[in-house]
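Trainee: I'd like to learn how to read helix packing and sheets in a model. Could you walk me through it?

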Number of protein chains: 2
Amino acid sequence: MDYIHEILKIATTEPKKAVLATIIDVEGSAYRKEGAAMLIQEDGETIGVISGGCLENDLQERAKLLLEGESQCIVYDLKSEDDLSWGKGAGCNGVIRILLECIDDRLRKHLSRLHDLLQNGKDVFILKQLGKNFSVSNYLFFTEDTETFGEWAGAVPKQIDAIAAQEKSGLVWVNELSSYVYVQRFEPKPRLIIFGAGSDAVPLSHFASRTGFSVIVSDWREALCNRWRFPGADQLIIAFPREAATKISFSPRDFVVLLTHQFQQDQELLKLLLQQNLRYIGVIGSKERTKRLLGDQEIPRNVHSPVGLSIGAEGPEEIAISILAELIQLKKLRSPQKVRA
Amino acid sequence: MDYIHEILKIATTEPKKAVLATIIDVEGSAYRKEGAAMLIQEDGETIGVISGGCLENDLQERAKLLLEGESQCIVYDLKSEDDLSWGKGAGCNGVIRILLECIDDRLRKHLSRLHDLLQNGKDVFILKQLGKNFSVSNYLFFTEDTETFGEWAGAVPKQIDAIAAQEKSGLVWVNELSSYVYVQRFEPKPRLIIFGAGSDAVPLSHFASRTGFSVIVSDWREALCNRWRFPGADQLIIAFPREAATKISFSPRDFVVLLTHQFQQDQELLKLLLQQNLRYIGVIGSKERTKRLLGDQEIPRNVHSPVGLSIGAEGPEEIAISILAELIQLKKLRSPQKVRA
């Protein structure tokens, strides 16, 4: 789970000065990976998690000193063989590079644009050109639609798409610029669409929204599909499946779970959903029932039934955990996508 | 997850009349298994989940009629080949037998005793002798300590321990009684003890308590270990690991997770915990770090490191889901235990 969405919301609306800390490079094992970020506000309030608790205090101190100045790169070497060091103490065993950037008015404006794009379902890439001491000399945001914004003097490197196409966030040496570039792909919140608002939808929606998903719940019964039962959902759609499906513009990265517990509703929905290009369609019930839903055709690869990891889950809450475990596993497996072909 | 603990709390404290519905037998596939229970109060309020939503309304109607009378067994046959039936519609494909019992003053008193025993960490077994029409003619609660209570006329069957020793809840034919007996083992809430109250402990405690675990959180820093951060925890222990470990009477079914992120604290804790007989000791960090914690001895079988199912979890919330998925999986695997040897 990324905290970037929460960080962007706070950074662009709160009047406080703040520093953005981003892990840009990890050697060895670490609690968080490249791209993990934390916002440190001038009064010490923080949003996001960048380590298991060992680096936070040090970063807060450094951030306070930085509130006006240039960006800065901090290197934490946790590889030391000394068991008493705070590094190993924290259970890490690597070298972590963290970039600290003061959020000035220009960067705030760009982060606000980034936030809008993500909320509208767009992927956004960033290149940060690192100069001496790994401070940021240029940065450029761009989307697959070729929108660009940022602070970039001079020519943009030609391999920009190739650079962005790399799977992982991290540092790349760019010959053309004779410097390191930090590359990151920001993605919209993963979306979970739940059809059926019964007892098993409640913990699934709750756990999913707490784990960083944007949740939509749809059911034709207002007594079930309401804000009291689903306080964390981003959207409720009170409608029969057929109508609800027309109200949603599906994306290839959407996760969908069918919990209507009604054969005909599920059948109708499944037919509609199979016409879409979806990352995941989870169907509650046995594999045999799902086959009958499909009219005995083969179960397509993106249809998961029984839904959730096979951990022997019993009851709504445990099943919700098993589904989320499956979604997290799948989120990590996305294949590289082409950019600006 | 069982709702039995919540059901017992409500059934024994609220003044409303109520009916207890228990699944006593399942043929084929069903949403819930034998032992799943639901409380139906006289005014229609329900606690617990017994199906995916298809049986609840019918049960509520029947419960209302029963509020004074004898217990009753309902059979729902969801095997019909008719696709339009509500049975298959609900995604089930089996026969479910549900026992409805009106909670009178005597049963309420016994359920109250059952609740106390479970809260004190005891397993409790129940035998319900079923007469004609599968109504309950006798019932007996008993513990491994040979405490017994209930309403049982005549001799208790000799094979009582053998009957209770069966892994699954369900119906058994007892020759000695010339009748069916429903057997169920009630277990205390599974307990999760978390050492370390940092950012990753918060979602773990929250998800675990929502999924039916009784949660204890311990940390030496009151600023981290407090009710504001852990509203769902049953107990907080503000103390250093060494002291905290002496405050807890561990049981062989306890799950423990080490999240202190401090090498020395973890090392000290691990030494203490390995002297206990525990179901699960999860240690955050890499396998290599855990080996160093153990002084390079073999990692014992009940020590899980890295902690959680391997689903590529990133950040506190996802890691919490991966840990819970692992705990649920282990909960199901308990081997049969001897009773009243």
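Mentor: We'll take a helix pair, then a sheet. This is a predicted model, where local features need pLDDT of at least 70, side-chain atom pairs count only at pLDDT 80 or more, and totals for chains, interfaces and linings use all residues. Residues are numbered from 1 along each chain as its sequence is written, chains are lettered from A and ligands numbered from 1 in the order in which they are written, and side-chain values use heavy atoms, with hydrogens and water left out.

Trainee: At what angle do α1 and α4 of chain A pack?

Mentor: Helices (H or I, at least four residues) and strands (E, at least two) are DSSP runs, numbered from the N terminus. Axes are lines fitted to C-alpha atoms, for helices over the stretch in contact, and angles run from 0 to 180 degrees between N-to-C directions. Here α1(A), residues 4–13, and α4(A), residues 105–119, pack at about 135°, with axes 9 Å apart. That makes the pair oblique (under 35 degrees is roughly parallel, over 145 roughly antiparallel, 65 to 115 roughly perpendicular, the rest oblique).

Trainee: Which residues meet there?

Mentor: Contact means heavy atoms within 4.5 Å. Among them, A:His5 and A:Leu8 in α1(A) meet α4(A) residues including A:Arg108 and A:Leu111.

Trainee: And the sheet in chain B: what is the strand order?

Mentor: Strands pair if DSSP finds at least two bridges between them. This open sheet runs β8-β7-β6-β10-β9 in chain B, with antiparallel pairing. β8(B) and β9(B) each have a single partner strand, so one side of each lacks a neighbour in the sheet. The twist averages 20° from one strand to the next.

Trainee: How many bridges join β9(B) to β10(B)?

Mentor: Five, and the two strands run antiparallel. B:Trp173 has B:Tyr180 in β10(B) as its bridge partner.
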